Amino acid sequence: MTGHAVSNLGPRQQLLRWVQALAAAATAFALLGVGVEPGAWLRAVAVVLVTLAAFCGLQAGHRTCAILAFAGQQNLDAGRRPVLDRSVRVTLRSRAWNIVWQALGVGAAATACAVLV
């Protein structure tokens with residue numbers, strides 16, 4: 001397994017992360033759309049939810065759970081198992097860092113939007 005074929009998530013786990021991303025994003029937008037003047041706490045919650053949605057969506061899209069990658073594990077829909085191949089672990093860890101940084105970028109953009117609105 002090399003390159004794009006490297007994954008530590010099975011299809012059900014990927015679907016679970018898409019559902020989590022959708023739920024977090026929908027909740028954030030619902031909170032902001034209730035017609036209440038968005039106070040600082042509401043904006044902060046929305047920023048966290050948008051960041052979480054990005055994190056989950058990026059994991060699903062890259063077929064890589066960052067938390068499992070940092071632990072050297074995989075869940076290919078049969079429970080957690082160790083990733084035995086060192087080169088695969090390195091690739092997954094690198095991809096996990098990429099996911100984390102991208103999600104933080106989305107969080108920073110969401111924070112900027114929340115402050116400016």
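Guide: A nonpolar core is a set of buried Ala, Val, Leu, Ile, Met, Phe, Trp, Tyr and Cys residues joined through side-chain atoms within 4.5 Å. Buried means under 20% relative accessible area, exposed over 50%, and partly exposed in between, with a 1.4 Å probe and protein chains only. The model is predicted: local features need pLDDT of at least 70, side-chain atom pairs count only at pLDDT 80 or more, and totals for chains, interfaces and linings use all residues. Residues are numbered from 1 along each chain as its sequence is written, and side-chain values use heavy atoms, leaving out hydrogens and water.

Visitor: Which residues make up the largest nonpolar core?

Guide: Twelve: Val6, Phe55, Leu58, Ala66, Ala69, Val83, Val88, Leu92, Ala96, Ile99, Val100 and Ala103. Helices H2 (40–62), H3 (66–71) and H4 each supply at least two. Helices are DSSP runs of H or I, at least four residues, numbered from the N terminus. H4 gives the most, six residues.

Visitor: Why is Val106 called partly exposed?

Guide: Its relative accessible area is 32%. That value falls between 20% and 50%, so Val106 is partly exposed. Val106 lies in H4, residues 86–116.

Visitor: What does Val106 touch, not counting residues up to four places away in sequence?

Guide: Val50 and Ala54. Contact means heavy atoms within 4.5 Å.

Visitor: How do you know that the span of H4 is close to the expected 45 Å?

Guide: The expected span is 1.5 Å times one less than the number of residues. H4 has 31 residues, and reaches 45 Å from its first C-alpha to its last.

Visitor: What do the buried residues of H4 pack against?

Guide: H2 and H3.
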